[in-house]
Amino acid sequence: MKVLLTGATGYVGKRLLPVLVQAGYQVVCCVRDKRRFSPEPSLVDNLEIVEVDLLEEDTLDAIPNDIDVAYYLVHSMSGSRDYERQEALSANHFRERMNDIGVLQVIYLSGIVNDHELSKHLSSRKNVEEELNKGKYALTTLRAGIIIGSGSASFEIIRDLVEKLPVMIAPKWLLTKCQPIGVSDVVKLLVGVLHLPQVFNRTFDVGGPEVLTYKDMLLRFAAVRGLKRRIYTLPIMSPRLSSYWLYFVTSTSYMLATSLVDSMKVEVVARSAEINDIVGISPVKYEEALRKAFKKIAQNEIVSSWKDSMVSGQMNFRISEFIQVPNYGCFKDIKRMGIADRQSCLNKIWNIGGSTGWYYATWLWSIRGLVDSLFGGVGLRRGRTHLTHIQPGDALDFWRVLYANKQEGRLLLLAEMKLPGEAWLEFKLEDDMLVQTATFRPKGLKGRIYWYLVSPFHYFVFNGMIRQLVK
């Protein structure tokens with residue numbers, strides 16, 4: 001059976017893919033940018049990759065005509081201020097292509113939409129479901145609430161709040177009820193409903209065995225971590241102030257924080273657990289989902305992270321648009337230095353950023369990250385998903401990985417901080433030499449002034465960094 005997987009580079013899609021392949025399915029991965037997709041070598045024999053932009057109807061012709069079942073795991077959340085229209089258009093294009101192909105079943109992962117007043121985000125999810133439901137195939141919709149797992153947005157935000165704040169003065173929406181579910185259980189359900197006649201043309205709410213408030217989730221998280229936390233709620237905190245609170249304390253972007261605050265005022269509680277009996281699973285409790293997440297983190301086995309999606313940054317682009325570093329009209333800071341040990345140098349480059357830091361004057365990088373945050377940028381809060389592994393598309397502090405080839409000895413990063421221009425940072429090993437290049441393409445006079453103002457700091461920081469890398 002041939003299965004189409006959209007959202008293959010997303011948080012759930014990355015986790016679903018190996019399970020489908022191991023189950024014996026031939027999987028066609030539908031991705032917007034092939035350069036961002038780096039599947040495990042063990043999976044490639046059963047994979048076909050097609051590059052499709054669901055907003056561009058003509059690109060859907062790349063999808064093969066022999067698809068049996070398709071997963072629709074595409075969500076924008078806050079990638080654009082116009083994401084409602086874009087999500088509806090994407091669903092429309094996808095539906096028509098699936099009709100043309102004649103697929104038997106489409107499986108859609110949506111959000112729980114049982115409250116009378118829905119947020120903009122949840123309304124968009126429901127609208128997508130309605131668009132997909134107009135197709136000639138059998139639609140199966142799984143509506144999930146809060147998904148808990150290593151690297152999930154919900155998990156990381158709760159972690160930031162609990163581990164950074166001994167005392168929280170929080171908005172009243174912390175008392176809203178929800179029904180969290182572990183990501184491994186979501187994957188089991190997605191696989192379990194595949195080609196299952198009992199679920200054709202049906203919608204199911206999915207959730208864990210407990211209904212909790214967001215305050216309960218924070219306090220239970222603290223208990224799992226062995227931390228004592230106090231939380232006080234205020235009825236006067238406005239949505240805007242709540243968004244700023246989330247933005248500055250956690251690693252989320254401001255646009256995502258706004259969408260989350262809007263959605264957290266809505267109860268997301270499952271109406272029934274029928275789907276668990278149909279598929280034959282028993283979802284784990286919230287604390288168990290947390291422990292499984294921390295086990296993966298401790299073993300450095302985070303399969304996917306929301307931070308690596310383009311939603312976590314300031315830009316929405318194809319890697320191919322920026323992978324060729326320009327020369328014309330650019331300022332460059334180029335450093336060259338001999339290497340003492342090639343493998344040691346490579347390991348340092350591949351470990352850079354996140355908890356490792358930037359090897360020299362990391363405190364200055366931290367200040368730059370703080371300034372970026374104050375102006376609405378991503379700052380350094382995202383860190384990195386893996387301690388030693390990097391692939392194109394990953395977030396790395398306030399950079400985005402464009403190219404990473406350890407065997408070749410080249411790492412190329414694109415800045416996602418607030419800048420009056422575009423910036424690249426490249427590390428490249430040439431024979432016994434490390435070439436470190438910072439490139440800045442200014443936008444107008446402000447960009448040029450900015451470069452000259454920061455040049456003294458660049459001299460200090462970049463010289464120190466390359467010296468540490470080649471030791």
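This is a predicted model: local features need pLDDT of at least 70, side-chain atom pairs count only at pLDDT 80 or more; totals for chains, interfaces and linings use all residues.
Local features need pLDDT of at least 70 and side-chain atom pairs pLDDT 80 or more, while totals for chains, interfaces and linings use all residues. Residues are numbered from 1 along each chain as its sequence is written, and side-chain values use heavy atoms, without hydrogens and water.

**View 1. Trp-358 and Trp-365 form a stacked pair.** Rings of Phe, Tyr and Trp (its six-membered ring) pair if their centres lie within 6.5 Å; planes under 30 degrees apart count as stacked, over 60 as edge-to-face and the rest as tilted. The count is 15 aromatic pairs. For Trp-358 and Trp-365, the centres are 4.3 Å apart and the planes are at 15°, so the pair is stacked. Both Trp-358 and Trp-365 are buried (under 20% relative accessible area, 1.4 Å probe, protein chains only).

**View 2. Ring pairs build a cluster.** Its members are Phe-331, Phe-440, Tyr-450, Trp-451 and Tyr-452.

**View 3. Arginine charges sit over tyrosine rings.** The criterion is NZ of Lys or CZ of Arg within 6 Å of the ring centre and within 35 degrees of the ring normal. Arg-410 places its charged end over Tyr-403, 4.9 Å from the ring centre. Over Tyr-360 sits the charged end of Arg-467, 5.9 Å from the ring centre.

**View 4. Helices H4 and H6 are roughly perpendicular (65 to 115 degrees).** H4 spans residues 153-164 and H6 residues 214-224. Helices are DSSP runs (H or I, at least four residues), numbered from the N terminus. The packing angle is about 70°, with the axes 10 Å apart. Axes are lines fitted to C-alpha atoms over the stretch in contact, and angles run from 0 to 180 degrees between N-to-C directions. Contacts (heavy atoms within 4.5 Å) involve Phe-155, Ile-158 and Leu-161, among others, in H4, and Met-217, Leu-218, Phe-221 and Ala-222 in H6.

Notes. Buried means under 20% relative accessible area, exposed over 50%, partly exposed in between (1.4 Å probe, protein chains only). Helices (H or I, at least four residues) and strands (E, at least two) are DSSP runs, numbered from the N terminus. Angles under 35 degrees count as roughly parallel, over 145 as roughly antiparallel, 65 to 115 as roughly perpendicular and the rest as oblique.
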